[in-house]
Structures are given as C-alpha cells and as structure tokens.
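I opened this model to look up a few residues and helix contacts. My entries follow in the order in which I made them.

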Amino acid sequence: GVVSVAKTAVTGMGGSESGDPVELFLGQSRDYLVGKGTQGFDVSSVVWSFKDGKLSYTDCNPGVYTYELSKQCAEKALALDPASDQATTLIARSYLAQVAAIENNGIKDLPTARLQMVAMAMGPAVLGNALNESIANNQPFVAKAAIEALGKTLDKDSIEGSPLLAALGNSNKVIKYSAALAVTRASRSNNVPEADKVVAILAQAIAEKAQMRVASVGFSKDVAKTQIRTAS
C-alpha cells in the first residue's frame, strides 16, 4: 500500500519511479544553490524536516533560507551514498553560500566563523571542487568565500596545483583579487607562487580602491560616505 501511494504521488508530480534518488537530491540541491525552486513568497524563517516520525522545524534567517534547503538535500544524498563527492561538495558550497550571503547582506545576527569552519573541515580537495563549481555556476561571491577558506586551509607546500592559482587568471575581479590575497596568506608571504602576477593583481586592486576614494572628493558628505563604503 505504501509503495502504491508513493508511486502515485511521484507520477502525479511529473516524476518517474525509475529515477535515482541520489541524483534527484543532488539536482535539487544544485537548483536551490542557484535560486531555482523557490520564489519570494516561498522564503521562510524556519526550515522543516521529518525527524523521529514527525515534522520538526529549525529557525532560519530568510537571507540564507534557500542555502539551508540546498544543504538538506545534499545531506540526504550523502546519507544514501556516503561515497558521493558531489554531495560533499554541495554541502560545502551551501555553507560557503551562507557565508557570502551573510557578508553581502550585512546580516549581523548570523556569525560566519562557524559556517566557514565547517566548510574548512571538509578539506582542501572539497573546497577546491566547491570553488571550481561556484565559478562554473557564475557565483563569484560564493567562489570568494571558497577562496578565503582555501587560503586559511592550505599550507605553502600545497599551493602548487591548487585552484587558487587558476583563479588568479579569472576575469571576475572579485575572484581574482580574493585569490591573490589567499595565495599570499597561504604562502605566509614567503616564496609566493606566481609572485609577479600576485603583486600586479594586488596593485590593481589598491589602485582601483584609491580611484574610488578620490572620486568622492567634492561631493556631499552623504555621497562620499556611500562611495567610500562601496570601495571598502
């Protein structure tokens, strides 16, 4: 009876009973990460789950709601397939996406340190995959969070071959500037790989910041404050 009802429910939603549940959870996790599957009125201050035979909820800031849903789906995929690298990478990306959302939206009641620590605990390989996938999905601020986590995780002997070096050549300034800082941090400013490129990128970043500050001279105080805040 349970199987029959489940089949009817799945086909009624346009699904197929032959689908791979791991791939379905992974696909849903990816969709939530890039903003698919929810609309404005779907966002909630709680995330629901089925636990111990009943519905339960966890408080959630609406600013990170979709990323919490992404994490839940990835965790379900990992529970079904503990060897899934894709599930582990998606979990890391969901944590990093929350870090990016909190920092970009100025959500003060959510500290990012714990979220970043969880992502870092998954190791450089997972963080590298999260960085590459975030870049591929045009999520520069999630990629930035991954880069910063990698910079704190890698030691100077592990930088060579790291996605950090590849990120130095990215056309997106958020990614490129973050990568230059992370490479410097990971190398402990000693024997920095691709030092000439790193120095040139950091010099470009400093020059742009200086130009933005100079551009505010002569404007009203309100405008000046806005531009300086943007520059930082």
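Which residues does serine 84 touch, not counting residues up to four places away in sequence? I found Leu26 and Leu78, where contact means heavy atoms within 4.5 Å.

Before going on I noted the ground rules. This is a predicted model, in which local features need pLDDT of at least 70 and side-chain atom pairs count only at pLDDT 80 or more, while totals for chains, interfaces and linings use all residues. Residues are numbered from 1 along each chain as its sequence is written, and side-chain values use heavy atoms, with hydrogens and water left out.

**Entry: overall make-up**

I listed the secondary structure of the protein and got eleven helices and two strands. Helices (H or I, at least four residues) and strands (E, at least two) are DSSP runs, numbered from the N terminus. Along the sequence the pattern reads α-α-β-β-α-α-α-α-α-α-α-α-α. The protein has 232 residues, and 36% of them are buried. Buried means under 20% relative accessible area, exposed over 50%, and partly exposed in between, with a 1.4 Å probe and protein chains only. I also checked the contacts with a separation of 6 or more: residues 24 or more positions apart account for 57% of these.

**Entry: serine 84 and aspartate 85**

I returned to serine 84, which sits in the loop between H3 and H4. Its relative accessibility is 7%, so serine 84 counts as buried. A polar atom of its side chain lies 3.1 Å from the backbone nitrogen of alanine 87.

Aspartate 85 belongs to helix H4. Is aspartate 85 buried or exposed? Aspartate 85 counts as exposed because its relative accessibility is 60%. I then looked at its distance to valine 126, 41 residues apart along the chain, and found the C-alpha atoms separated by 7.9 Å.

**Entry: H2 against H3**

I took the pair formed by helix H2 (residues 21–33) and helix H3 (residues 65–80), which pack at an angle of about 160° with their axes 8 Å apart. That angle makes H2 roughly antiparallel to H3. Axes are lines fitted to C-alpha atoms, for helices over the stretch in contact, and angles run from 0 to 180 degrees between N-to-C directions. Angles under 35 degrees count as roughly parallel, over 145 as roughly antiparallel, 65 to 115 as roughly perpendicular and the rest as oblique.

On the H2 side I noted residues including Phe25, Leu26, Tyr32 and Leu33, and on the H3 side Tyr67, Leu69, Cys73 and Leu80 are among them. The residues of this contact divide into twelve nonpolar, four polar and one charged. Here Ala, Val, Leu, Ile, Met, Phe, Trp, Tyr, Cys and Pro count as nonpolar, Asp, Glu, Lys and Arg as charged, and the others, Gly among them, as polar.

**Entry: glutamate 68**

Glutamate 68 is found in H3. I read a relative accessible area of 18% for glutamate 68, so this residue is buried. Leaving aside neighbours within four places in sequence, glutamate 68 is in contact with Val47, Cys60 and Gln98. Glutamate 68 and serine 94 are 26 residues apart in sequence, with a C-alpha to C-alpha distance of 7.0 Å.

**Entry: H4 against H6, and arginine 93**

H4 and helix H6 (residues 124–136) pack at about 70°, with their axes 9 Å apart. That makes H4 roughly perpendicular to H6. From H4 I listed Thr88, Thr89, Ala92, Arg93 and Leu96, which meet Val126, Leu127, Asn129, Ala130, Glu133 and Ser134 in H6. I sorted the residues of this contact into five nonpolar, four polar and two charged.

I then picked out arginine 93, a residue of H4 (residues 85–105). Arginine 93 is buried, with a relative accessible area of 1%. With which side chain does the side chain of arginine 93 make a polar contact? The partner is glutamine 139, at 2.8 Å. A polar contact is a pair of N or O atoms within 3.5 Å; within protein, one must be able to donate a hydrogen and the other to accept it, and residues adjacent in sequence count only if both atoms are side-chain atoms. Beyond four places in sequence, the contacts of arginine 93 include Leu33, Asn137 and Val142.

**Entry: positive phi**

Most residues other than glycine have a negative phi. I looked up two residues with a positive one. Aspartate 52 has a phi of about 55° although it is not a glycine, and lies in the loop between strand E1 (46–51) and strand E2 (54–59). Aspartate 52 is exposed, at a relative accessible area of 72%. Asparagine 138, also not a glycine, has a positive phi of about 55°. Asparagine 138 lies in the loop between H6 and helix H7 (140–153) and counts as exposed at 64% relative accessibility.
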